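Hi everyone, thanks for coming. I'll walk you through one structure today, so please have a look at it first.

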Amino acid sequence: MSQKNSIMLEVKDLNKKYGEFHAVKDLNFQIQKGEVLGFLGPNGAGKTTTMRIITCFIPLTSGSVTVDGLDIRLHDLDIRKKIGYLPESTPLYNDMLVAEYLAFAGELRGLKGSILTKRIDDMYQVCGLGNMARRQIGKLSKGYRQRVGLAQALLHNPDLLILDEPTSGLDPNQIIEIRQLIKNIGQEKTVIYCSHILSEVSATCSRILIINQGRIVGAGTPEELITQRGGTSRYSMRVKADKASLVTKLNQIEGVADVAASETKGWCDVHASVARSEDIGEEFFKCVAANGWVLSELKRDTVSLEDVFTQLTRG
């Protein structure tokens, strides 16, 4: 398969302005077919604006977006057929039964007769809605309402599925259910998962883009993002020692990137960043022992995706 044919979405130099406000600034990224991509950012970063442009809901100011090789400015109707979209505010009619709503959504997508019936039956199975067909949407739990929203987004069998905050407002059990559902869907579809809940994206996505103030500020797998931000682990220790000497000696250990220490009544609380993946706690212990200092605490803290996100989006 050629590279061109393997690209589901390509965004080049994308910009969106609302008057003088520059919401999206020179975005460039690609998504391969069959990829589950996490699109992260704080509130107001430009995530939803970008997704609305991709789904042909609002026009771009400049740049280009292609979906499966089709330009959104020239083939918007064809592109809409290829995309399933679950916005943050799930588009449901509370007075309808689940079966009625899915039939209505399917007809809007041009599905009819036996094809529509089969697709609705498929969605009952895929989204776990088999017992909910005759239930009124307004009386469903938030978790089941999200399932109905996913069903309408998948009903027409789209190539690209865009989910904007799909677990917002769910309890922990519902989050686990929706997460597993998205993983299952990701085995067959290209998925963009927009969120600011990092644990969900990390558990679900193979690659992550982080956007802040309209620009991409980080890209890669969770492991790559952590490594790119100055180390794979941190160590905390409490040592009875002269602060200056302790910092000097610890900085001499291979792989130590940075050492910060504070001293209170002869005891130093130390935080060391390490640019090595292997555990070097033994080397810290040997250093302390060799200098005759007293060690009362030593622990390794793995750098999290939350730490990376904070570094990239703060300010």
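This is a predicted model: local features need pLDDT of at least 70, side-chain atom pairs count only at pLDDT 80 or more; totals for chains, interfaces and linings use all residues.

Residues are numbered from 1 along each chain as its sequence is written, and side-chain values use heavy atoms, with hydrogens and water left out.

Helices (H or I, at least four residues) and strands (E, at least two) are DSSP runs, numbered from the N terminus. Two strands pair if DSSP finds at least two bridges between them.

Let's start with β1, residues 7-18, and β2, residues 21-32: they run antiparallel, joined by eight bridges. K16 sits opposite V24 in β2. Two residues lie between these strands in the hairpin, where G19 has a positive phi near 65°.

Now, β9, residues 207-212. Is this strand buried or exposed? Buried means under 20% relative accessible area, exposed over 50%, partly exposed in between, with a 1.4 Å probe and protein chains only. Five of the six residues of β9 are buried, so the strand is largely enclosed by the rest of the structure.

And what are its partners? β3, residues 36-40, runs parallel to β9, with four bridges; one of these pairs G38 with I208. β10, residues 215-220, pairs with β9 in the antiparallel sense over five bridges, and there I210 stands opposite G218. The hairpin of β9 and β10 has two residues between the strands, and Q213 takes a positive phi near 50°.

On to helix α5, residues 113-126. Its buried residues are L116, R119, I120, M123 and Y124. Just after α5, G128 takes a positive phi of about 65°.

Last, the cores. A nonpolar core is a set of buried Ala, Val, Leu, Ile, Met, Phe, Trp, Tyr and Cys residues joined through side-chain atoms within 4.5 Å. The largest has 47 residues, and L40, V98, Y124 and V148 have the most contacts inside it. Apart from it lies another core, of 30 residues, including I58 and I211.
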